Amino acid sequence: MGKVSEKLMVYCLVAIFVVIAMVEGAKGATICNIPLSRLNLCRPAVTGRYPPPPTKKCCLLIKHADLNCLCKFKDALPAFNINPSRAFALPKKCKYNLHIPPKCRG
């Protein structure tokens with residue numbers, strides 16, 4: 001009986017985590033004022049050998065981003081195949097005069 005109870009407890013915990021993930025996803029999780037569901041709008045402009053210019057949708061996303069907050073994630077960007085110097089060049093490419101923290105420039 002002990003093993004059955006443990007399995008039931010594990011299944012219940014997994015179900016709870018799935019429900020929490022669904023609720024959080026429905027709320028539209030954000031990071032640094034950017035909805036996670038929209039991050040892919042800028043991916044082409046910051047990846048690859050010869051990235052295209054950012055799209056208008058990407059630029060609108062960057063306009064509202066908290067660059068100080070994003071700077072904290074600079075070292076993690078390469079793990080997502082994102083070039084940090086290209087990522088922090090987006091405001092200038094979008095013709096926005098946003099303050100970029102010195103440690104995140106170029």
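1. T47 counts as buried, at 17% relative accessibility. Buried stands for under 20% relative accessible area, exposed for over 50%, and partly exposed for what lies in between, with a 1.4 Å probe and protein chains only. T47 sits in the loop between α2 and α3. Helices (H or I, at least four residues) and strands (E, at least two) are DSSP runs, numbered from the N terminus. Neighbours within four places in sequence aside, T47 is in contact with N81, I82 and R86, where contact means heavy atoms within 4.5 Å. T47 and P78, 31 residues apart in sequence, are 9.5 Å apart in space, C-alpha to C-alpha.

2. Basis of the values. The model is predicted: local features need pLDDT of at least 70 and side-chain atom pairs count only at pLDDT 80 or more, while totals for chains, interfaces and linings use all residues. Residues are numbered from 1 along each chain as its sequence is written, and side-chain values use heavy atoms, with hydrogens and water left out.

3. Overall composition. The secondary structure comes to 6 helices and 2 strands, and the order from the N terminus on is α-β-β-α-α-α-α-α. The protein has 106 residues, of which 25% count as buried. Among contacts with a separation of 6 or more, 63% come from residues 24 or more positions apart. The protein exposes about 8,000 Å², and carbon and sulfur atoms supply 64% of that area. Accessible areas come from the Shrake-Rupley method with a 1.4 Å probe; for residues, only the protein chains shown count as cover.

4. In soluble globular proteins, nonpolar side chains tend to be buried together. Here the largest nonpolar core has 20 residues, and C42, L70, A87, F88 and L90 are those with the most contacts inside it. At least two residues of this core are supplied by each of α2 (43–46), α3 (56–63) and α4 (67–71). The largest share, 4 residues, comes from α4. A nonpolar core is a set of buried Ala, Val, Leu, Ile, Met, Phe, Trp, Tyr and Cys residues joined through side-chain atoms within 4.5 Å. Not counting residues up to four places away in sequence, L70 touches C32, I34, A65 and F88.

5. About 530 Å³ of space lies in the largest pocket. The lining has 21 residues, and I34, L39, L70, L77 and I82 are the closest to the centre of the pocket. The elements giving two or more residues to this lining are α2, α3, α4 and α6 (90–93). By class, the lining residues divide into 19 nonpolar, 1 polar and 1 charged. Ala, Val, Leu, Ile, Met, Phe, Trp, Tyr, Cys and Pro count as nonpolar, Asp, Glu, Lys and Arg as charged, and the others, Gly among them, as polar.

6. Pocket method. On a 1 Å grid over the protein atoms alone, a pocket is an open set of points where a 1.4 Å probe fits, with protein on both sides within 12 Å along at least five of seven lines; lining residues have an atom within 4 Å of a point. Grid points are joined across faces, edges and corners, and a volume is the space filled by probe spheres set on the points.

7. Positive phi. Most residues other than glycine have a negative phi. N33 has a positive phi, near 70°, and lies in the loop between β1 (30–31) and β2 (34–35). N33 counts as exposed, at 52% relative accessibility. K95, also not a glycine, has a positive phi of about 65°. K95 lies in the segment after α6 and is exposed, with a relative accessible area of 75%. K95 and K63 are 32 residues apart in sequence and 9.7 Å apart in space, C-alpha to C-alpha.

8. Two further loop residues. D66, in the loop between α3 and α4, counts as partly exposed at 32% relative accessibility. D66 and L98 are 32 residues apart in sequence and 9.7 Å apart, C-alpha to C-alpha. G28 is placed in the loop between α1 (2–27) and β1 and counts as partly exposed, at 37% relative accessibility. The C-alpha atoms of G28 and R38, 10 residues apart along the chain, are separated by 9.7 Å.
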